[in-house]
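Have the sequence and the model open as you read.

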Amino acid sequence: MEESVAGGPPAGDLAGERREALLRGVGKAIGRLDRRIHAVRGDLAKMRAAQVRAEHAQFFVLAAARAPRGAKSLEAVDWSTGEPRTIGMTLDPAKGAQEQVAALFKQARRLKEGSRIAHARLAEAEAIRAKLAALSTALQNPDPILEAIEIEARAAAPRDFRLNPSSAADNVRRSRNQVARPAYRTFLGVSGRRILVGRGALHNDELTLHVARPRDLWLHAKNMAGAHVVVPLDKGASCPPDALIEAAHLAAHFSDARDERVVEVTYTPRRYIRKPRGSAPGAVVVDREKVLILRKQDDLLHRLLQAELLEP
């Protein structure tokens, strides 16, 4: 006879439901990544076309210097292929020709930097997709280790992988635990220090106002919607620089600034945080603000996300 839990479906059925939930979650994450990859490739194609036009600026420098005020176009000879080829450039007659050629040089520099960033985003998305595709294949094995696959999927694609919280398997697991989920997630820093991250607006209030102590360090992505982050500290202790950087990475990642490479992060002791009466969930006032300019390190963030302490 198959064993059942708390009067629910047989254990084998729960494992099957859990596998299906993971397959759906991984599949949807791959779909999101495919759309992102398609969009970035489209952006790169547009950038390449625009960059070709921008790089033609060098051929129009002399013609622009000779152009009369109010000129509507320029002509130049392109020798880049070794053969002369006449090319044209449409002008705005209300602006100077030299000014418009200079703008093309600026555009070329911006496009070069934008192309570098887009290629990095594309490589990252393709690498994450490959990891998720491997996990999807692993879920087809006869006896996959479901918990390990879920942890790997969350670590590989924290932005894109999510499970349906209303699945039967999750409901049974929650009823089996009979324990309310805490208002925060716990991550373990490289130094072994715990870092607490609020799960949402109401949970942010709970973490900041009822869990954090006045001496603990509080962080939040400046001027962005996002999680409250708390570093528990001993009485009289200050936060070590490495723990501050780790906590700032989590504050940036769990906010609307997660895709930014440079993020301003507010930090201050919890004692300087107050919540005005009638304010929205998660909204607080910082009385003594310090700001860290964080340049995100992908390797460090990846290690932190892998080091989440899961609920029992």
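At 32% relative accessibility, D34 counts as partly exposed (buried means under 20% relative accessible area, exposed over 50%, and partly exposed in between, with a 1.4 Å probe and protein chains only). The side chains of D34 and R129 meet in a salt bridge, 2.5 Å from N to O (that is, a side-chain nitrogen of Lys or Arg within 4 Å of a carboxyl oxygen of Asp or Glu). The two ends come from distant parts of the chain: D34 sits in helix α1 (residues 11-55) and R129 in helix α3 (residues 97-138), 95 residues apart. Helices (H or I, at least four residues) and strands (E, at least two) are DSSP runs, numbered from the N terminus.

A word on where this comes from: this is a predicted model, so local features need pLDDT of at least 70 and side-chain atom pairs count only at pLDDT 80 or more, while totals for chains, interfaces and linings use all residues. Residues are numbered from 1 along each chain as its sequence is written, and side-chain values use heavy atoms, with hydrogens and water left out.

## The chain as a whole

Zooming out, the chain has eight helices and 11 strands. Buried residues make up 37% of its 312 residues. Among the contacts with a separation of 6 or more, 62% are between residues 24 or more positions apart (contact means heavy atoms within 4.5 Å). The accessible surface comes to about 18400 Å², and 52% of that belongs to carbon and sulfur atoms (areas come from the Shrake-Rupley method with a 1.4 Å probe; for residues, only the protein chains shown count as cover).

## More salt bridges

Side chains of opposite charge can pair when their charged atoms come close. By the salt-bridge rule, the count here comes to 13. Buried or exposed, R36 and D160? Both are buried.

Then there is D205 with K275, where the closest N and O atoms are 3.4 Å apart. This one also links distant parts of the chain, with D205 in helix α6 (residues 201-211) and K275 in the loop between β8 (273-274) and β9 (285-286), 70 residues apart. D205 is buried, at a relative accessible area of 12%, whereas K275 is partly exposed at 27%. Finally, R18, E150 and R154 are linked in a network of salt bridges.

The largest nonpolar core has 29 residues, and L217, L219 and L250 touch the most other members (a core is a set of buried Ala, Val, Leu, Ile, Met, Phe, Trp, Tyr and Cys residues joined through side-chain atoms within 4.5 Å). The elements that give two or more residues to this core are β4 (194-198), β5 (217-221), β6 (229-231), α7 (241-253), β7 (262-269), β10 and α8 (298-306). Helix α7 provides the largest share, seven residues.

Which residues does L217 touch, not counting those up to four places away in sequence? They are V229, V230, V231, L233, C239, L244, Y267, T268 and P269. A second, separate core has 22 residues, including V26, I30, I128 and A153.

## One ring pair

There is one aromatic pair by the rule used here (rings of Phe, Tyr and Trp, its six-membered ring, pair if their centres lie within 6.5 Å; planes under 30 degrees apart count as stacked, over 60 as edge-to-face and the rest as tilted). F187 and F254 form it in a tilted arrangement, 5.8 Å centre to centre with 45° between the planes. F187 lies in strand β3 (residues 184-188) and F254 in the loop between α7 and β7, so the pair ties together parts that are 67 residues apart in sequence. Both F187 and F254 are buried.

## Out at the surface

V262, V291 and I293 make a nonpolar surface patch of about 220 Å² (patches are made of residues with over 30% relative accessible area and no salt bridge: like charges are joined within 9 Å, nonpolar side chains, meaning Val, Leu, Ile, Met, Phe, Trp and Tyr, within 5 Å). I293 lies in strand β10 (residues 290-295) and is partly exposed at 43%.

G88, in strand β2 (residues 85-90), is exposed, with a relative accessible area of 60%. Leaving aside neighbours within four places in sequence, G88 is in contact with F60 and L74.
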